[in-house]
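Here is a short briefing to read beside the model. Keep the sequence and the 3D view open as you go.

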Amino acid sequence: MKFLPLILKNLLRKKIRTSLTILSIAVALFLFGLLVAINSAFTGGIEAAGADRLVIRNKISIIMPLPISYKERVLQINGVTADTYASWFGGVYQDPKNFFPQFAIDKITYLKMYPEYLLPKDQYEAFLADRQGCIIGRTTADRFGFKVGDRLPIRGTIFTGTWEFNIRGIFDGNRPEVDTTPMMFDYEYLSERVSFINGRVGWYIVKIGNPNDAEKVAKAIDQRFSNSNNETITEPEKMFVAGWVKQMGNIRLLILSIGTVVFFTLMLVTGNTMAIAVRERTGELAVLKTVGFTDEATLIIVLVESVAIAVIGGGIGIGLAKLFTLNGDPTHGFLPFFFISPVQMIVGLFVAALVGVVSGIIPAFLAMRLRIVDALRRV
Amino acid sequence: MVRVDGINNGDALIRVRDLDKTYRRGSEVIHVLQGLNLNVDRGEFVAFMGPSGSGKTTLLNLLGGLDVPSAGTITADGEQIEKMSGRKLAAWRARHVGFVFQMYNLLPVLTAFQNVELPLLLTKLSKSDRRRHVEMALSIVGLSDRMKHYPNQLSGGQEQRVAIARAIVADPTFLLCDEPTGDLDRKNGMEIIELLERLVAEHYKTVLMVTHDPIAANKAHQILHLEKGSLVEATKGN
């Protein structure tokens, strides 16, 4: 602590240079924060997916439906404790850019399957009682200002015509990773209006008694429907969601690549600044050593300066990124889990500190190795 | 009493025996100091004179533990320093040596007070004790009213006084001054010399000073002349 004034004074010695270095780190960590948020947005669904849930889809393609009659047959398979189904609706609210996912669901079994959706009891009951009722996730409700009781007109694209819904409930997630963008309504409402649905659903979700049996149960399900007109592929929900993410390219690799470039550039900027700062202060460091500062103390002083700059800049950057993500998904639906968790913020600060250490270590080492007589000669 | 003949004189504070310092420049070996012997008693004020390159500053650096000799021994206050590790030598310097340089070498980002406080940051003194020591050191050099001034707000003479305050604040065993008046005009230079004289006379400090200025050197108890790395003459100051 008693060296703090010395370190602070050194940091403030070249205010513009220090500010610019802090700013560059802040910008980089802001970018890092956004990359983390985007990464969360893509992988959040995977994290939120239940380990005890399997998804059954048509073997040909996800867009090919499955018979509704499979529901009872799936339930008979050993290891399956519950099942439900859903269909993609794909409607437009006012304008195509107002995208949010819409599903036709089996109301009772679907909401039982997903306890992570939190819906007040009275709203749940109102939803069950209304054939035209729908429930909407908090994110989408907030985005468009929907309230319980509102009438919601949706223009169908797959199922043409205008569809009128009554908003009966707004659900939240029990944790940040839970997607609260979808709108869900009664499958019966869809099937009674659309004759070509003809008892077909988009996919099934199955709950299994023991997550360790996932592979065995999935195999049993697919075997049950093999050689039928509608063969299936069954996989854990995590894999199913990951499959969607994969379709968008190797996001992780992209993010990691950008992150690495940012990180490396950042190290060069900070390292260069610290190297200049140390070179400028060669004589002063020699004086410190002359009055009795050890080589190690000199190393620590330079290193602490470097880390302080990096952590201040990192704190500002990650804080701004957090503020940015507080507004939620900037794409209005494409990145439903757009947030930075406290743990990720701490990781960001740790990354910043690491940048400080790595970029400061060479200048600090040079300061440590500085020979007093040589340095004094340069004063 | 100062002796340069290598004969022990009781309990000399600084005892140098057969001191050599050589540098290599390519294949050439340069002898900066050769077979130097020196005894300095406590409370002495010694001036080293000699032409440039005669080894004065090198001798001072060796005595202060800033550099290591190629051969020979240096004993200061009973401790042999030439074989000390870097860490031990740093602690020894902090405890026993106060340095004053020609260019003052104050840290420009620190106030006079903070510059003087620097050596005390290495001690276990409390903040209030440090403050007391710093205020006393600054009052000895006559700069009690300049504590909050930064080096660029002080004259050259005042800067050197701050440097002297920094050198004495930890109450070192001896002071090493490398041309302390070299960057000052005659008036300020003499004030610095008078200050050093006072430190010797009133505070019983031992001062070893390198200088080119015969008037400053004459204020010392003893003037030692170096030439080509050897002590060639010892004369009495005024």
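**A residue inside chain B**

B:Ile74 counts as buried, because 23 other C-beta atoms lie within 10 Å. The cut-off for buried is 20 or more. Keep in mind that this is a predicted model.

**Around B:Ile74**

- B:Ile74 sits in strand β5 of chain B, which runs over residues 71-76.
- Which residues touch B:Ile74, once its neighbours within four places in sequence are left aside? They are B:Val16, B:Leu19, B:Leu62, B:Leu63, B:Pro69, B:Ile81 and B:Glu82.
- B:Asn37 is 37 residues away from B:Ile74 in sequence. In space, their C-alpha atoms are 9.4 Å apart.

**Loops of chain B**

- B:Asp77 belongs to the loop between β5 and β6 (79-80) of chain B.
- Phi of B:Asp77 is positive, near 50 degrees, and the residue is not a glycine.
- B:Asp77 is partly exposed, because it has 18 C-beta neighbours inside 10 Å.
- The loop between β7 and α3 of chain B holds B:Asn105. B:Met103 lies in the loop between β7 (97-100) and α3 (112-117) of chain B.
- Is B:Asn105 buried or exposed? B:Asn105 counts as buried, because it has 22 C-beta neighbours inside 10 Å.
- B:Asn105 also has a positive phi of about 55 degrees, although it is not a glycine.
- B:Met103 is partly exposed, because 16 other C-beta atoms lie within 10 Å.
- B:Met103 and B:Val40 are 63 residues apart along the chain. Their C-alpha atoms are separated by 26 Å.

**Helix α6 of chain B**

- Helix α6 of chain B covers residues 186-203, which makes 18 residues.
- From first C-alpha to last, α6(B) reaches 25 Å. That is close to the 26 Å expected at 1.5 Å a residue.
- Which residues of α6(B) are buried? They are B:Gly189, B:Ile192, B:Ile193, B:Leu196 and B:Leu199.
- What do the buried residues of α6(B) pack against? Their partners in chain B are β4 (45-49), α5 (156-168), β8 (174-178), β9 (206-210) and α7 (214-218).
- Just past the end of α6(B) comes B:Tyr204, with a positive phi of about 55 degrees.

**Where the chains meet**

- How many residues of chain B are in contact with chain A? There are 20 of them, and they touch 19 residues of chain A.
- On the chain B side, helix α2 (residues 86-96) gives the most, with 6 residues.
- By class, the side of chain B that touches chain A has 13 nonpolar, 4 polar and 3 charged residues.

**Chain A**

- Chain A is divided into two parts: domain 1 (4-45 + 250-378) and domain 2 (60-230).
- The C-alpha centres of domain 1 and domain 2 of chain A lie 47 Å apart.
- Helix α11 of chain A, residues 282-290, is mostly covered, with 7 of its 9 residues buried.
- The buried residues of α11(A) are A:Glu284, A:Leu285, A:Ala286, A:Val287, A:Leu288, A:Lys289 and A:Thr290.
- After α11(A) comes A:Gly292, which has a positive phi near 125 degrees.

**How confident is the predictor?**

- Chain A averages a pLDDT of 87, and 94% of its residues score at least 70.
- Among the elements of chain A, strand β9 (residues 183-186) has the highest mean pLDDT, 96. Helix α9 (residues 237-247) of chain A has the lowest, 74.
- Chain B averages a pLDDT of 91, and 95% of its residues score at least 70.
- Which element of chain B has the lowest mean pLDDT? Strand β1 (residues 2-3) of chain B does, at 64, while α3(B) has the highest, at 96.
- For the complex, the predictor gives an ipTM of 0.89 and a pTM of 0.71.

Key. Residues numbered from 1 in each chain as written. Chains lettered and ligands numbered in written order. Predicted model: local features only at pLDDT ≥ 70, side-chain atom pairs only at ≥ 80, totals over all residues. pLDDT = per-residue confidence, 0-100. Helix = DSSP H or I, 4+ residues; strand = E, 2+ residues; numbered from the N terminus. Expected span 1.5 Å × (residues − 1). Buried ≥ 20, exposed ≤ 12 C-beta atoms within 10 Å, placed from the backbone. Contact = placed C-beta atoms within 7 Å. Nonpolar A, V, L, I, M, F, W, Y, C, P; charged D, E, K, R; others polar. Domains from an automatic or database assignment.
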